[in-house]
Amino acid sequence: MTKHSVRPGSVTVDPRDFLAVDALLDDEERLIRDTVRQFVGDRILPGIADWFEEGIFPIELAKEMGSLGLLGMHLDGYGCAGTSNVAYGLACTELEAGDSGTRSFVSVQGSLCMFPIRAFGSEEQKQEWLPQMAAGEAIGCFGLTEADAGSDPSSMRTTARRDGGDWVINGSKMWITNGSVSQLAIVWAKTDEGVRGFIVPRDTKGFTVNDIHQKLSLRASVTSELVLDDVRLPADAVLPEVVGMRGPLSCLNEARFGIMYGAIGAARACYEAALDYAGERMMFDKPIASFQLIQRQLVEMLVKVNRGMLVAMHVGRMKDAGTLDPSHISFGKLDNVRMALEVAREARSVLGANGITLEYPVIRHMNNLESVLTYEGTNEIHTLILGNKITGIPAFG
Ligand code: TGC
Ligand code: FAD
(Lines give C-alpha, C1' and ligand atoms only; values in the text may rest on other atoms or scores of the structure.)
(Ligands and ions follow the chains in the order given, each with its own letter.)
Protein backbone atom coordinates (compact mmCIF):
# COMPACT_ATOMS: atom_id res chain seq x y z
CA MET A 1 0.00 0.00 0.00
CA THR A 2 1.35 3.44 -0.92
CA LYS A 3 1.38 5.86 1.96
CA HIS A 4 1.43 9.55 1.12
CA SER A 5 3.69 11.70 3.23
CA VAL A 6 2.32 15.03 4.36
CA ARG A 7 4.47 17.92 3.23
CA PRO A 8 3.64 21.58 3.80
CA GLY A 9 2.91 23.34 0.54
CA SER A 10 2.33 20.19 -1.50
CA VAL A 11 -1.45 20.61 -1.39
CA THR A 12 -3.32 23.86 -1.97
CA VAL A 13 -5.61 24.66 0.94
CA ASP A 14 -8.65 26.81 0.18
CA PRO A 15 -9.72 28.98 3.17
CA ARG A 16 -13.30 28.84 1.76
CA ASP A 17 -13.36 25.03 1.48
CA PHE A 18 -10.74 24.10 4.02
CA LEU A 19 -11.48 20.38 4.24
CA ALA A 20 -11.97 20.11 0.47
CA VAL A 21 -15.57 18.95 0.77
CA ASP A 22 -15.87 19.68 -2.94
CA ALA A 23 -13.99 16.43 -3.54
CA LEU A 24 -16.77 14.51 -1.79
CA LEU A 25 -19.34 15.61 -4.39
CA ASP A 26 -20.16 14.00 -7.71
CA ASP A 27 -20.48 16.00 -10.93
CA GLU A 28 -24.23 16.42 -10.67
CA GLU A 29 -24.05 17.61 -7.07
CA ARG A 30 -21.31 20.07 -8.01
CA LEU A 31 -23.35 21.38 -10.94
CA ILE A 32 -26.44 21.86 -8.78
CA ARG A 33 -24.44 23.61 -6.07
CA ASP A 34 -22.79 25.94 -8.58
CA THR A 35 -26.06 26.69 -10.36
CA VAL A 36 -27.80 27.62 -7.11
CA ARG A 37 -24.77 29.63 -5.96
CA GLN A 38 -24.94 31.63 -9.17
CA PHE A 39 -28.70 32.15 -8.83
CA VAL A 40 -28.19 33.44 -5.30
CA GLY A 41 -25.38 35.73 -6.43
CA ASP A 42 -27.39 37.12 -9.35
CA ARG A 43 -30.93 37.23 -7.97
CA ILE A 44 -30.84 37.23 -4.16
CA LEU A 45 -27.75 39.03 -2.91
CA PRO A 46 -28.25 42.27 -4.90
CA GLY A 47 -31.71 42.85 -3.37
CA ILE A 48 -31.70 41.10 -0.04
CA ALA A 49 -30.67 43.98 2.22
CA ASP A 50 -33.55 46.12 0.92
CA TRP A 51 -36.08 43.24 1.07
CA PHE A 52 -35.00 42.54 4.63
CA GLU A 53 -35.28 46.21 5.61
CA GLU A 54 -38.68 46.58 3.91
CA GLY A 55 -39.93 43.24 5.20
CA ILE A 56 -40.85 41.71 1.84
CA PHE A 57 -40.33 38.38 0.13
CA PRO A 58 -39.92 38.74 -3.65
CA ILE A 59 -42.57 36.24 -4.68
CA GLU A 60 -41.76 36.79 -8.37
CA LEU A 61 -38.67 34.62 -7.77
CA ALA A 62 -40.89 31.56 -7.21
CA LYS A 63 -41.20 30.77 -10.92
CA GLU A 64 -37.46 31.28 -11.43
CA MET A 65 -36.78 28.81 -8.64
CA GLY A 66 -39.31 26.49 -10.26
CA SER A 67 -37.60 26.69 -13.63
CA LEU A 68 -34.27 25.88 -11.96
CA GLY A 69 -35.89 22.72 -10.55
CA LEU A 70 -35.49 23.80 -6.91
CA LEU A 71 -39.08 23.23 -5.78
CA GLY A 72 -39.70 19.70 -4.53
CA MET A 73 -36.33 18.89 -6.07
CA HIS A 74 -35.68 15.66 -4.15
CA LEU A 75 -39.10 14.21 -5.02
CA ASP A 76 -39.69 11.93 -8.00
CA GLY A 77 -42.17 12.40 -10.83
CA TYR A 78 -44.99 14.94 -11.33
CA GLY A 79 -42.59 17.57 -12.65
CA CYS A 80 -40.11 17.28 -9.76
CA ALA A 81 -36.37 17.09 -10.45
CA GLY A 82 -35.78 13.82 -8.54
CA THR A 83 -32.31 14.73 -7.26
CA SER A 84 -30.48 12.99 -4.43
CA ASN A 85 -30.97 14.16 -0.86
CA VAL A 86 -27.39 15.43 -0.78
CA ALA A 87 -28.05 17.58 -3.86
CA TYR A 88 -31.15 19.00 -2.17
CA GLY A 89 -29.07 19.72 0.92
CA LEU A 90 -26.36 21.49 -1.07
CA ALA A 91 -29.00 23.65 -2.74
CA CYS A 92 -30.27 24.58 0.74
CA THR A 93 -26.73 25.55 1.80
CA GLU A 94 -26.42 27.92 -1.15
CA LEU A 95 -29.93 29.36 -0.74
CA GLU A 96 -29.34 30.06 2.94
CA ALA A 97 -25.94 31.62 2.17
CA GLY A 98 -28.22 34.15 0.47
CA ASP A 99 -30.83 34.40 3.21
CA SER A 100 -32.63 32.01 5.55
CA GLY A 101 -35.91 33.36 4.15
CA THR A 102 -35.06 32.09 0.67
CA ARG A 103 -34.23 28.65 2.00
CA SER A 104 -37.37 28.72 4.14
CA PHE A 105 -39.47 29.40 1.07
CA VAL A 106 -37.99 26.38 -0.71
CA SER A 107 -38.19 24.18 2.41
CA VAL A 108 -41.85 24.91 2.97
CA GLN A 109 -42.81 24.48 -0.66
CA GLY A 110 -40.87 21.25 -1.27
CA SER A 111 -40.51 19.50 2.05
CA LEU A 112 -43.60 20.61 3.95
CA CYS A 113 -46.20 20.95 1.19
CA MET A 114 -45.18 18.92 -1.85
CA PHE A 115 -43.71 16.07 0.21
CA PRO A 116 -46.99 15.23 2.05
CA ILE A 117 -48.94 15.37 -1.20
CA ARG A 118 -46.34 13.08 -2.84
CA ALA A 119 -46.14 10.71 0.15
CA PHE A 120 -49.72 10.69 1.45
CA GLY A 121 -51.88 12.17 -1.33
CA SER A 122 -54.25 10.49 -3.79
CA GLU A 123 -53.27 10.16 -7.44
CA GLU A 124 -55.70 13.00 -8.27
CA GLN A 125 -54.16 15.28 -5.63
CA LYS A 126 -50.66 14.57 -6.95
CA GLN A 127 -51.71 15.25 -10.55
CA GLU A 128 -53.55 18.42 -9.63
CA TRP A 129 -51.00 20.09 -7.40
CA LEU A 130 -47.45 18.79 -7.79
CA PRO A 131 -46.65 19.91 -11.37
CA GLN A 132 -47.83 23.47 -10.74
CA MET A 133 -46.05 23.59 -7.38
CA ALA A 134 -42.81 22.31 -8.93
CA ALA A 135 -43.08 25.11 -11.50
CA GLY A 136 -43.65 27.75 -8.82
CA GLU A 137 -47.11 28.51 -10.22
CA ALA A 138 -48.88 27.42 -7.03
CA ILE A 139 -47.35 28.16 -3.62
CA GLY A 140 -48.08 26.17 -0.48
CA CYS A 141 -47.91 26.77 3.25
CA PHE A 142 -47.89 24.24 6.11
CA GLY A 143 -50.16 24.75 9.09
CA LEU A 144 -49.14 22.68 12.09
CA THR A 145 -48.21 25.12 14.88
CA GLU A 146 -50.90 26.92 16.86
CA ALA A 147 -50.58 29.83 19.27
CA ASP A 148 -50.80 27.39 22.20
CA ALA A 149 -49.37 24.29 20.48
CA GLY A 150 -45.78 24.89 19.35
CA SER A 151 -43.26 22.33 20.59
CA ASP A 152 -46.14 19.97 21.34
CA PRO A 153 -48.21 20.02 18.16
CA SER A 154 -50.19 16.97 19.26
CA SER A 155 -52.01 19.33 21.67
CA MET A 156 -53.50 21.22 18.69
CA ARG A 157 -57.09 22.46 18.99
CA THR A 158 -57.93 22.72 15.30
CA THR A 159 -60.57 20.12 14.47
CA ALA A 160 -62.05 18.58 11.35
CA ARG A 161 -65.39 16.80 11.55
CA ARG A 162 -67.31 14.91 8.92
CA ASP A 163 -70.60 16.44 7.83
CA GLY A 164 -72.32 14.22 5.29
CA GLY A 165 -69.76 13.82 2.51
CA ASP A 166 -67.83 16.97 3.55
CA TRP A 167 -65.23 17.89 6.11
CA VAL A 168 -65.69 21.01 8.27
CA ILE A 169 -62.55 22.54 9.80
CA ASN A 170 -62.40 25.01 12.70
CA GLY A 171 -59.35 26.49 14.38
CA SER A 172 -56.29 28.61 13.73
CA LYS A 173 -52.62 28.15 12.95
CA MET A 174 -49.84 30.53 13.95
CA TRP A 175 -46.38 31.44 12.61
CA ILE A 176 -47.03 30.00 9.16
CA THR A 177 -44.33 30.67 6.55
CA ASN A 178 -45.64 31.68 3.08
CA GLY A 179 -49.19 32.04 4.49
CA SER A 180 -50.43 35.04 2.51
CA VAL A 181 -48.47 34.25 -0.66
CA SER A 182 -49.85 30.75 -0.93
CA GLN A 183 -52.60 29.27 -3.09
CA LEU A 184 -53.02 26.23 -0.85
CA ALA A 185 -52.40 25.30 2.77
CA ILE A 186 -51.65 21.86 4.15
CA VAL A 187 -53.59 22.03 7.42
CA TRP A 188 -53.28 19.42 10.15
CA ALA A 189 -56.37 18.94 12.29
CA LYS A 190 -57.75 16.56 14.91
CA THR A 191 -60.49 14.21 13.73
CA ASP A 192 -62.31 11.31 15.41
CA GLU A 193 -59.73 9.02 13.76
CA GLY A 194 -56.66 11.01 14.84
CA VAL A 195 -54.70 13.88 13.27
CA ARG A 196 -55.22 14.22 9.52
CA GLY A 197 -53.88 16.50 6.80
CA PHE A 198 -56.08 18.56 4.48
CA ILE A 199 -55.41 20.49 1.31
CA VAL A 200 -57.16 23.82 1.80
CA PRO A 201 -57.30 26.07 -1.30
CA ARG A 202 -56.73 29.69 -0.39
CA ASP A 203 -60.07 30.89 -1.79
CA THR A 204 -62.16 28.51 0.35
CA LYS A 205 -64.99 30.28 2.20
CA GLY A 206 -64.18 30.78 5.89
CA PHE A 207 -60.40 30.61 5.37
CA THR A 208 -58.57 33.87 6.15
CA VAL A 209 -54.89 34.75 6.46
CA ASN A 210 -53.36 37.57 8.51
CA ASP A 211 -49.69 38.48 8.23
CA ILE A 212 -47.52 38.81 11.34
CA HIS A 213 -45.69 42.13 11.44
CA GLN A 214 -42.91 43.73 13.51
CA LYS A 215 -40.61 40.71 13.16
CA LEU A 216 -36.90 41.38 13.64
CA SER A 217 -35.92 38.01 12.16
CA LEU A 218 -36.72 36.38 8.81
CA ARG A 219 -37.92 39.73 7.57
CA ALA A 220 -37.53 38.69 3.91
CA SER A 221 -40.04 35.90 4.46
CA VAL A 222 -43.81 35.98 4.91
CA THR A 223 -45.11 34.69 8.26
CA SER A 224 -48.85 34.49 8.83
CA GLU A 225 -51.75 33.35 10.95
CA LEU A 226 -54.30 31.05 9.29
CA VAL A 227 -57.89 31.23 10.55
CA LEU A 228 -60.35 28.47 9.65
CA ASP A 229 -63.93 29.30 10.50
CA ASP A 230 -66.34 26.54 9.45
CA VAL A 231 -64.22 25.82 6.40
CA ARG A 232 -66.16 23.25 4.37
CA LEU A 233 -64.16 20.95 2.14
CA PRO A 234 -65.15 18.00 -0.05
CA ALA A 235 -64.30 14.45 1.06
CA ASP A 236 -61.35 14.31 -1.32
CA ALA A 237 -59.55 17.24 0.39
CA VAL A 238 -58.07 14.93 3.01
CA LEU A 239 -54.67 13.30 2.42
CA PRO A 240 -55.87 9.70 2.32
CA GLU A 241 -52.69 7.78 3.11
CA VAL A 242 -51.83 8.91 6.65
CA VAL A 243 -53.58 9.20 10.01
CA GLY A 244 -51.85 10.38 13.18
CA MET A 245 -48.88 12.56 14.09
CA ARG A 246 -46.65 10.44 11.86
CA GLY A 247 -48.04 12.55 8.98
CA PRO A 248 -46.78 15.99 9.97
CA LEU A 249 -43.68 14.63 11.74
CA SER A 250 -42.61 12.86 8.53
CA CYS A 251 -42.73 16.20 6.72
CA LEU A 252 -40.59 17.75 9.45
CA ASN A 253 -37.87 15.15 8.82
CA GLU A 254 -37.55 16.45 5.25
CA ALA A 255 -37.50 20.12 6.18
CA ARG A 256 -35.15 19.65 9.14
CA PHE A 257 -32.74 17.85 6.82
CA GLY A 258 -32.70 20.94 4.58
CA ILE A 259 -32.12 23.19 7.59
CA MET A 260 -29.17 21.07 8.72
CA TYR A 261 -27.51 21.90 5.38
CA GLY A 262 -28.96 25.39 5.09
CA ALA A 263 -27.55 26.68 8.36
CA ILE A 264 -24.04 25.97 7.07
CA GLY A 265 -24.68 28.43 4.24
CA ALA A 266 -25.58 31.23 6.65
CA ALA A 267 -22.54 30.40 8.79
CA ARG A 268 -20.25 30.24 5.77
CA ALA A 269 -21.44 33.64 4.55
CA CYS A 270 -20.68 35.13 7.99
CA TYR A 271 -17.25 33.48 8.19
CA GLU A 272 -16.32 34.71 4.71
CA ALA A 273 -17.53 38.23 5.46
CA ALA A 274 -15.39 38.27 8.62
CA LEU A 275 -12.35 36.82 6.82
CA ASP A 276 -12.57 39.44 4.06
CA TYR A 277 -13.19 42.26 6.50
CA ALA A 278 -10.33 41.26 8.79
CA GLY A 279 -7.92 41.26 5.86
CA GLU A 280 -8.86 44.82 4.88
CA ARG A 281 -9.71 46.59 8.11
CA MET A 282 -6.70 48.55 9.42
CA MET A 283 -6.31 49.28 13.11
CA PHE A 284 -3.10 50.11 15.01
CA ASP A 285 -1.55 50.40 11.51
CA LYS A 286 -2.16 46.74 10.72
CA PRO A 287 -4.95 44.65 9.24
CA ILE A 288 -6.95 43.32 12.15
CA ALA A 289 -6.38 39.81 10.69
CA SER A 290 -2.81 40.14 12.01
CA PHE A 291 -3.96 40.17 15.64
CA GLN A 292 -3.86 36.85 17.43
CA LEU A 293 -7.26 37.32 19.02
CA ILE A 294 -8.90 37.99 15.65
CA GLN A 295 -7.17 34.97 14.12
CA ARG A 296 -8.55 32.88 16.93
CA GLN A 297 -12.08 34.08 16.15
CA LEU A 298 -11.62 33.35 12.44
CA VAL A 299 -10.26 29.89 13.17
CA GLU A 300 -13.15 29.08 15.53
CA MET A 301 -15.53 30.00 12.72
CA LEU A 302 -13.55 27.98 10.17
CA VAL A 303 -13.59 24.86 12.32
CA LYS A 304 -17.30 25.14 13.05
CA VAL A 305 -18.36 25.71 9.43
CA ASN A 306 -16.26 22.81 8.14
CA ARG A 307 -17.34 20.45 10.92
CA GLY A 308 -20.98 21.30 10.23
CA MET A 309 -20.56 20.46 6.56
CA LEU A 310 -18.95 17.11 7.33
CA VAL A 311 -21.85 16.21 9.62
CA ALA A 312 -24.35 17.24 6.94
CA MET A 313 -22.55 15.29 4.22
CA HIS A 314 -22.45 12.17 6.36
CA VAL A 315 -26.12 12.42 7.33
CA GLY A 316 -26.96 13.24 3.70
CA ARG A 317 -25.19 10.15 2.40
CA MET A 318 -26.99 8.06 5.04
CA LYS A 319 -30.33 9.45 3.87
CA ASP A 320 -29.52 8.58 0.27
CA ALA A 321 -28.44 5.10 1.37
CA GLY A 322 -31.65 4.57 3.37
CA THR A 323 -29.77 4.07 6.66
CA LEU A 324 -31.07 7.18 8.41
CA ASP A 325 -33.13 7.41 11.60
CA PRO A 326 -34.99 10.71 12.24
CA SER A 327 -32.78 11.22 15.31
CA HIS A 328 -29.77 11.58 12.98
CA ILE A 329 -31.51 14.60 11.45
CA SER A 330 -32.12 15.97 14.96
CA PHE A 331 -28.37 15.66 15.60
CA GLY A 332 -27.62 17.69 12.46
CA LYS A 333 -30.34 20.31 13.00
CA LEU A 334 -29.42 20.81 16.65
CA ASP A 335 -25.68 21.11 16.16
CA ASN A 336 -25.54 22.96 12.85
CA VAL A 337 -28.05 25.66 13.75
CA ARG A 338 -26.46 26.45 17.09
CA MET A 339 -23.07 26.36 15.36
CA ALA A 340 -24.28 28.83 12.74
CA LEU A 341 -25.60 31.18 15.39
CA GLU A 342 -22.27 31.08 17.24
CA VAL A 343 -20.41 31.80 14.00
CA ALA A 344 -22.74 34.69 13.15
CA ARG A 345 -22.25 36.26 16.60
CA GLU A 346 -18.47 35.85 16.35
CA ALA A 347 -18.43 37.36 12.84
CA ARG A 348 -20.58 40.24 14.02
CA SER A 349 -17.97 41.15 16.59
CA VAL A 350 -15.10 40.98 14.05
CA LEU A 351 -16.92 43.55 11.92
CA GLY A 352 -17.15 46.00 14.82
CA ALA A 353 -19.72 48.76 14.27
CA ASN A 354 -20.04 47.81 10.61
CA GLY A 355 -21.33 44.47 11.85
CA ILE A 356 -24.66 45.99 12.86
CA THR A 357 -25.62 47.32 9.42
CA LEU A 358 -27.31 45.67 6.47
CA GLU A 359 -24.36 46.70 4.29
CA TYR A 360 -22.83 43.41 5.43
CA PRO A 361 -24.78 40.15 5.61
CA VAL A 362 -23.80 39.22 9.15
CA ILE A 363 -26.44 40.72 11.42
CA ARG A 364 -29.17 39.74 8.96
CA HIS A 365 -28.03 36.11 9.15
CA MET A 366 -27.64 36.39 12.92
CA ASN A 367 -31.19 37.64 13.37
CA ASN A 368 -32.57 35.07 10.93
CA LEU A 369 -30.84 32.23 12.74
CA GLU A 370 -32.76 33.07 15.91
CA SER A 371 -35.89 31.87 14.07
CA VAL A 372 -34.09 28.90 12.57
CA LEU A 373 -33.06 27.88 16.10
CA THR A 374 -36.73 27.89 17.12
CA TYR A 375 -38.63 26.56 14.15
CA GLU A 376 -38.69 22.94 13.00
CA GLY A 377 -38.11 21.85 16.60
CA THR A 378 -36.25 24.04 19.08
CA ASN A 379 -32.79 23.28 20.37
CA GLU A 380 -34.38 21.83 23.49
CA ILE A 381 -36.78 19.58 21.57
CA HIS A 382 -33.98 18.12 19.44
CA THR A 383 -31.92 17.60 22.60
CA LEU A 384 -34.84 15.67 24.09
CA ILE A 385 -35.31 13.62 20.89
CA LEU A 386 -31.63 12.63 21.11
CA GLY A 387 -31.82 12.06 24.86
CA ASN A 388 -34.80 9.76 24.33
CA LYS A 389 -32.93 7.87 21.60
CA ILE A 390 -29.82 7.16 23.67
CA THR A 391 -31.50 6.48 27.02
CA GLY A 392 -34.83 5.06 25.92
CA ILE A 393 -36.52 7.45 28.37
CA PRO A 394 -38.80 10.16 26.93
CA ALA A 395 -38.37 13.40 28.91
CA PHE A 396 -40.71 15.65 26.91
CA GLY A 397 -43.48 16.15 29.41
P1 TGC B 1 -44.73 10.47 19.40
O2 TGC B 1 -45.85 10.12 20.35
O3 TGC B 1 -43.33 10.09 19.73
O4 TGC B 1 -45.09 9.85 17.96
C5 TGC B 1 -46.35 10.04 17.38
C6 TGC B 1 -46.34 9.29 16.04
O7 TGC B 1 -45.43 9.95 15.14
C8 TGC B 1 -44.36 9.04 14.79
N9 TGC B 1 -43.14 9.83 14.76
C10 TGC B 1 -42.53 10.16 13.61
N11 TGC B 1 -42.81 9.83 12.35
C12 TGC B 1 -41.97 10.30 11.40
N13 TGC B 1 -40.90 11.06 11.70
C14 TGC B 1 -40.59 11.41 12.96
N15 TGC B 1 -39.54 12.19 13.22
C16 TGC B 1 -41.43 10.95 14.00
N17 TGC B 1 -41.44 11.11 15.34
C18 TGC B 1 -42.48 10.41 15.79
C19 TGC B 1 -44.35 7.99 15.86
O20 TGC B 1 -43.80 6.78 15.39
C21 TGC B 1 -45.83 7.85 16.16
O22 TGC B 1 -46.42 7.13 15.10
P23 TGC B 1 -47.65 6.11 15.37
O24 TGC B 1 -47.99 5.63 14.01
O25 TGC B 1 -47.12 5.07 16.30
O26 TGC B 1 -48.73 6.94 15.99
O27 TGC B 1 -44.73 11.98 19.06
P28 TGC B 1 -45.18 13.23 19.89
O29 TGC B 1 -46.47 13.72 19.37
O30 TGC B 1 -45.06 12.95 21.37
O31 TGC B 1 -44.03 14.26 19.43
C32 TGC B 1 -42.84 14.35 20.04
C33 TGC B 1 -42.04 15.60 19.59
C34 TGC B 1 -41.93 16.58 20.73
C35 TGC B 1 -40.67 15.10 19.22
C36 TGC B 1 -42.70 16.30 18.37
O37 TGC B 1 -43.94 16.78 18.71
C38 TGC B 1 -41.87 17.41 17.82
O39 TGC B 1 -40.98 17.20 16.98
N40 TGC B 1 -42.14 18.71 18.23
C41 TGC B 1 -41.53 19.87 17.63
C42 TGC B 1 -42.56 20.58 16.78
C43 TGC B 1 -42.00 21.13 15.53
O44 TGC B 1 -40.89 20.85 15.12
N45 TGC B 1 -42.79 21.94 14.82
C46 TGC B 1 -42.39 22.44 13.55
C47 TGC B 1 -43.57 23.11 12.87
S48 TGC B 1 -43.30 23.43 11.14
C49 TGC B 1 -42.16 24.64 11.12
O50 TGC B 1 -41.61 25.07 12.06
C51 TGC B 1 -41.87 25.14 9.78
S52 TGC B 1 -40.64 26.34 9.70
C53 TGC B 1 -40.54 26.37 8.05
C54 TGC B 1 -39.52 27.24 7.49
O55 TGC B 1 -39.80 28.45 7.31
O56 TGC B 1 -38.43 26.70 7.11
P1 FAD C 1 -42.78 26.87 22.77
O2 FAD C 1 -43.13 25.49 22.40
O3 FAD C 1 -43.73 27.65 23.60
O4 FAD C 1 -41.36 26.87 23.47
C5 FAD C 1 -40.89 27.97 24.27
C6 FAD C 1 -39.59 27.52 24.94
O7 FAD C 1 -39.85 26.40 25.80
C8 FAD C 1 -38.54 27.04 23.93
O9 FAD C 1 -37.26 27.39 24.38
C10 FAD C 1 -38.70 25.54 23.97
O11 FAD C 1 -37.53 24.84 23.58
C12 FAD C 1 -39.01 25.32 25.44
N13 FAD C 1 -39.68 24.04 25.67
C14 FAD C 1 -40.90 23.66 25.21
N15 FAD C 1 -41.17 22.41 25.62
C16 FAD C 1 -40.10 22.00 26.34
C17 FAD C 1 -39.77 20.79 27.03
N18 FAD C 1 -40.58 19.74 27.04
N19 FAD C 1 -38.58 20.75 27.69
C20 FAD C 1 -37.73 21.80 27.65
N21 FAD C 1 -37.99 22.95 27.03
C22 FAD C 1 -39.16 23.05 26.37
N23 FAD C 1 -44.91 26.42 12.23
C24 FAD C 1 -45.63 25.79 11.26
O25 FAD C 1 -46.44 24.92 11.53
N26 FAD C 1 -45.47 26.14 9.95
C27 FAD C 1 -44.60 27.10 9.55
O28 FAD C 1 -44.48 27.36 8.35
C29 FAD C 1 -43.84 27.77 10.55
N30 FAD C 1 -43.00 28.79 10.19
C31 FAD C 1 -42.37 29.51 11.18
C32 FAD C 1 -41.64 30.66 10.82
C33 FAD C 1 -41.04 31.43 11.81
C34 FAD C 1 -40.29 32.68 11.43
C35 FAD C 1 -41.12 31.04 13.17
C36 FAD C 1 -40.45 31.85 14.24
C37 FAD C 1 -41.85 29.93 13.53
C38 FAD C 1 -42.49 29.15 12.55
N39 FAD C 1 -43.30 28.06 12.87
C40 FAD C 1 -44.02 27.39 11.90
C41 FAD C 1 -43.54 27.74 14.28
C42 FAD C 1 -42.41 26.97 14.95
O43 FAD C 1 -42.34 25.65 14.52
C44 FAD C 1 -42.63 27.06 16.48
O45 FAD C 1 -42.35 28.39 16.85
C46 FAD C 1 -41.75 26.09 17.23
O47 FAD C 1 -42.17 24.76 17.02
C48 FAD C 1 -41.73 26.38 18.76
O49 FAD C 1 -43.01 26.58 19.25
P50 FAD C 1 -43.33 27.87 20.18
O51 FAD C 1 -42.85 29.06 19.42
O52 FAD C 1 -44.77 27.80 20.51
O53 FAD C 1 -42.44 27.70 21.44
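Hi everyone. Let's start with strand 3, which gives the most to the shell around ligand 2, with three residues. Before I go on, please keep in mind that this is a predicted model.

So, who else is in that shell? Altogether, 17 residues surround ligand 2. If you'd like to find the closest ones on your screen, look for Ser151, Trp175, Thr378, Glu380 and Phe396.

What kinds of residues make up the shell around ligand 2 by class? There are eight nonpolar, seven polar and two charged residues.

Now let's look at some individual contacts. At Ser151, an N or O atom of the side chain is 2.7 Å from an oxygen atom of ligand 2. The side chain of Thr378 also has an N or O atom facing us here, 2.6 Å from an oxygen atom of ligand 2. As for cover, ligand 2 taken alone exposes 980 Å², and the protein buries 67% of that.

Let's zoom out. Where does ligand 2 sit? You'll find ligand 2 in the largest pocket. And why can we say that ligand 2 lies between two domains? Because domain 2 (140-237) and domain 3 (246-391) both give residues to the shell around ligand 2.

Technical notes:
Residues are numbered from 1 along each chain as its sequence is written. Chains are lettered from A and ligands numbered from 1 in the order in which they are written. This is a predicted model: local features need pLDDT of at least 70, side-chain atom pairs count only at pLDDT 80 or more; totals for chains, interfaces and linings use all residues. Side-chain values use heavy atoms; hydrogens and water are left out. A residue is near a molecule or strand if one of its heavy atoms lies within 4 Å of it. A polar contact is a pair of N or O atoms within 3.5 Å; within protein, one must be able to donate a hydrogen and the other to accept it, and residues adjacent in sequence count only if both atoms are side-chain atoms. Accessible areas come from the Shrake-Rupley method with a 1.4 Å probe; for residues, only the protein chains shown count as cover. On a 1 Å grid over the protein atoms alone, a cavity is a set of points where a 1.4 Å probe fits but cannot get out, and a pocket is an open set with protein on both sides within 12 Å along at least five of seven lines; lining residues have an atom within 4 Å of a point. A molecule sits in a cavity or pocket if more than half of its atoms lie within 2 Å of its grid points. Helices (H or I, at least four residues) and strands (E, at least two) are DSSP runs, numbered from the N terminus. Ala, Val, Leu, Ile, Met, Phe, Trp, Tyr, Cys and Pro count as nonpolar, Asp, Glu, Lys and Arg as charged, and the others, Gly among them, as polar. Domain bounds come from an automatic or database domain assignment.
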